[in-house]
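These are review notes on the model shown below.

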Amino acid sequence: FVRMETEVLQVYQGPVTADMVEGAPLSDLNTLALELANLDDLQLAGLEGMLQIYREHHSGSPIPTEDLHRMIDHSGACMVAGNIRSDQELGKFLDDSEMMPDDVTGLLHLSKDYKELYSDLLTACAKQWRRESCGVFTSQGYVEPDPEFLPFLQGQEQEQHESPGMGMTP
């Protein structure tokens, strides 16, 4: 069965790979395949970003199919900026979209006459933005997950449910 499951996933061309779901029952894989087939390009890009964050915070072991289903359900809540693949491009996008804080925007616009300074400032602001929002660059562009879903992706949600109040009783 493992060989057949791997072959089925190899036909699918998306962010979920065979090693992520190794050992999952075929019925779970069928359900997963149906859900993946119904995602549009933006949702697939969001899913790719969430998988990247999830894998950074979890061991390299297979991802439980329940977790994949949750990520698929939240894939539409991600901010996706297609074709943004560097902090420089992200900074330009944030500035053009007027998403930067006003004080940063003012500083950026004052430095526009000094191209190198403007470029460096734009890149530094974008790096800070990306760190604070936990955004990632993917093959589809820049992705920011839904902030409310971030604890799950980072493996913090489960810990909170297992030990509320750090083991202290009220």
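This is a predicted model: local features need pLDDT of at least 70, side-chain atom pairs count only at pLDDT 80 or more; totals for chains, interfaces and linings use all residues.

1. Gln52 sits in helix H3; helices (H or I, at least four residues) and strands (E, at least two) are DSSP runs, numbered from the N terminus. The residue is partly exposed, at a relative accessible area of 29%. Here buried means under 20% relative accessible area, exposed over 50%, and partly exposed in between, with a 1.4 Å probe and protein chains only. Neighbours within four places in sequence aside, Gln52 is in contact with Val136, Phe137 and Thr138, contact being heavy atoms within 4.5 Å.

2. Residues are numbered from 1 along each chain as its sequence is written, and side-chain values use heavy atoms, with hydrogens and water left out.

3. On the overall fold, the protein has nine helices and three strands. Read from the N terminus, the order is α-α-α-α-β-α-α-α-β-β-α-α. Of the contacts with a separation of 6 or more, 66% are between residues 24 or more positions apart. Buried residues account for 36% of the 170 residues. The accessible surface is about 10,300 Å², and carbon and sulfur atoms hold 53% of that surface; the areas come from the Shrake-Rupley method with a 1.4 Å probe, and for residues only the protein chains shown count as cover.

4. Which residues touch the most other members of the largest nonpolar core? They are Val16, Val21, Leu47, Leu51, Leu68, Met71 and Leu153, in a core of 24 residues. A nonpolar core is a set of buried Ala, Val, Leu, Ile, Met, Phe, Trp, Tyr and Cys residues joined through side-chain atoms within 4.5 Å. Helices H2 (26-37), H3 (41-57), H4 (65-74) and H8 (150-153) each supply at least two residues of this core, and H3 gives the most, with five. Another core, of 12 residues, lies apart from it and includes Ala81, Leu108, Tyr118 and Leu122. In soluble globular proteins, nonpolar side chains tend to be buried together.

5. Phe149 is in the loop between strand E3 (141-144) and H8. Is this residue buried or exposed? Phe149 is buried, at 3% relative accessible area. Beyond its neighbours within four places in sequence, Phe149 is in contact with Met50, Arg70, Met71 and His74. The C-alpha atoms of Phe149 and Met50 are 9.5 Å apart, although the two residues are 99 positions apart along the chain.

6. Helices H5 (residues 87-96) and H7 (residues 115-133) pack with their axes 7 Å apart and at an angle of about 90°. That angle makes H5 roughly perpendicular to H7, a class that covers 65 to 115 degrees, with under 35 roughly parallel, over 145 roughly antiparallel and the rest oblique. Axes are lines fitted to C-alpha atoms, for helices over the stretch in contact, and angles run from 0 to 180 degrees between N-to-C directions. H5 contributes Asp87, Gln88, Leu90, Gly91, Lys92, Leu94 and Asp95 to the contact, and H7 contributes Tyr118, Ser119, Leu122, Thr123, Ala126, Lys127, Trp129 and Arg130. By class, the contact residues are six nonpolar, four polar and five charged.

7. The loop between H5 and helix H6 (102-110) holds Met99. This residue is partly exposed, at 29% relative accessibility.

8. Phi of Glu98 is near 55°, a positive value in a residue other than glycine. Phi of Cys134 is near 60°, likewise positive in a residue other than glycine. Cys134 is in the loop between H7 and strand E2 (136-138), and is partly exposed with a relative accessible area of 21%.

Conventions
Ala, Val, Leu, Ile, Met, Phe, Trp, Tyr, Cys and Pro count as nonpolar, Asp, Glu, Lys and Arg as charged, and the others, Gly among them, as polar.
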